[in-house]
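Here is a quick tour of some helices and the loops between them. Have the structure open while you read.

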Amino acid sequence: MSTVGAPPSRSRIAVASFIGTAIEFYDFYIYGTAAALVFGKLFFPSFSPTAGVLLSLATFAVGFIARPLGAILFGHFGDRLGRKRMLIISLLVMGLSTVAIGLVPSFASIGVAAPVLLAVLRFLQGIGLGGEWGGAVLLATEYAPPGKRGLYSAFPQLGPAVGFVLGNALFLVLNATMSAQAFQSWGWRIPFLASAVLLAVGYYIRMKIAETPVFQAALDAHEQAKVPFFELWRRQPVQLILATCSFILAFTLFYTITTFCLSYGTTTLKLSRTTMLVEAIIAAAVMGVATLWFAVMSDRVGRRKLCIAAAIVSAIWAFPLFWLLQTRSPLLIGVAMVVGLLCFALLYGPMGAYFPELFRVRYRYSGASFAYSAAGIIGGGVSPLIATDVLARTGSTTGISWYLVGVAVLCLVCLLFLAETKDDDFSDGLGTRPLDA
């Protein structure tokens, strides 16, 4: 028998789907900021500055490697037991790991155990986030009325922008109110420890939401897959591969602009930390508004058209991005980062509804989560490392721009083989029927 009562209001769905992604991306992003600013000196002091940054970014990449594992784990139980339970557990895994990072002693205190602990906790962060995004967009879209899935999916899609702005604003305040020595000694820990408060708020809100009607109907009809991830690969392998490769560009854009450019601006261009943080916060705020707009627009013009446009514009912007950064002009740096993250929003906004629509309800959590998380390994975990290594080897950003162009072309090709899904019947999860074998 169904356990669903009166459907929750739009505002409750919005808050429940948004709050978790905002918190979890806050947790995930503050690690990236700390890795770019202080982790090299604190946890890898015996290496050169460039090697220290590379190693700290390598621990940053560990989180992305863990995300597909989290997607498989949470996707399995999310497709069998429900979205709500997994969203609560993923929130706890991420939140507790983040607080623990704020308590890890430096290399000077406990030696090699410090970076090992850092990597383990970062891995757990990745596990948690691997289950978060897919569950959050399903919570939103499976409650959405016909023709409104783009709008509803925009709620969790705002999480990255809010999480990034919140985390970097806190770093900015700390940077402005304490000495460099105090910040490096203990100030950087405050954003991690503050996550405990956000965790409590998110847990309370998510406990108040009911299971989605689409999944509840499948549950009542005993339609759950026995092993969702295996069935996903057996029935829709083409969609899974294309979806994954099409989203690498989003991660590449975001983390190249926010993580690599932050490190590049402060270390190579010798710009102040405050300048780069302010520029990144402004760009992320604009990105959040644009993400909402493009998500809503995807209900009108379609997901695929907007995503294709994003791939083309991203390839065009790959070179001007770094040309403007190298002027060292705060205004032009702001333009570079804002336009770069607008390219990201043009792709990211529609994807919140596009990914769930591509997969059947029986393994939708697994499909959406895995495609999103697997794309993050290359786009988010590897891209900052590639950019840093290319810069160190060549002393130029030209190779990085060509890398961005290559990823944009890959995205474009994959999108050309995916069908439009905005008008599909979401309850059966058929998605791209022509490729469904």
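## Two loops with positive phi

Lys270 sits in the loop between α13 and α14; helices here are DSSP runs of H or I with at least four residues, strands are E runs of at least two, and both are numbered from the N terminus. Lys270 isn't a glycine, yet its phi is positive at about 60°. It counts as exposed because its relative accessibility is 67% (buried is under 20% relative accessible area, exposed over 50%, partly exposed in between, with a 1.4 Å probe and protein chains only).

Arg328, in the loop between α15 and α16, also has a positive phi without being a glycine, about 65°. With a relative accessible area of 42%, Arg328 is partly exposed.

## Ground rules

This is a predicted model, where local features need pLDDT of at least 70, side-chain atom pairs need 80 or more, and totals for chains, interfaces and linings use all residues. Numbering starts from 1 along each chain as its sequence is written, and side-chain values use heavy atoms, leaving out hydrogens and water.

## Helix lengths

Helix α14 (residues 273-301) has 29 residues and reaches 40 Å from first C-alpha to last, close to the 42 Å expected (1.5 Å times one less than the number of residues). Gly302 follows α14, with a positive phi near 105°.

How far apart are the end C-alpha atoms of helix α18 (residues 398-416)? They are 27 Å apart, which agrees with the span its 19 residues should have at 1.5 Å a residue. Its buried residues include Ile400, Leu404, Val407 and Cys411. The buried residues of α18 pack against α13, α15, α16 and α17, contact being heavy atoms within 4.5 Å.

## Helix pairs

Helices α3 (residues 83-101) and α5 (residues 113-141) pack at about 150°, axes 8 Å apart. Axes are lines fitted to C-alpha atoms, for helices over the stretch in contact, with angles from 0 to 180 degrees between N-to-C directions. That angle makes α3 roughly antiparallel to α5 (under 35 degrees is roughly parallel, over 145 roughly antiparallel, 65 to 115 roughly perpendicular, the rest oblique).

In α16 and α17, the axes come within 8 Å and cross at roughly 145°. Tyr348, Phe355 and Pro356 in α16 meet Arg364, Ala368, Ala371 and Tyr372 in α17.

## One tryptophan

Trp323 lies in helix α15 and is exposed, at 54% relative accessible area. Its C-alpha is separated by 31 Å from that of Gln184, 139 residues apart along the chain.
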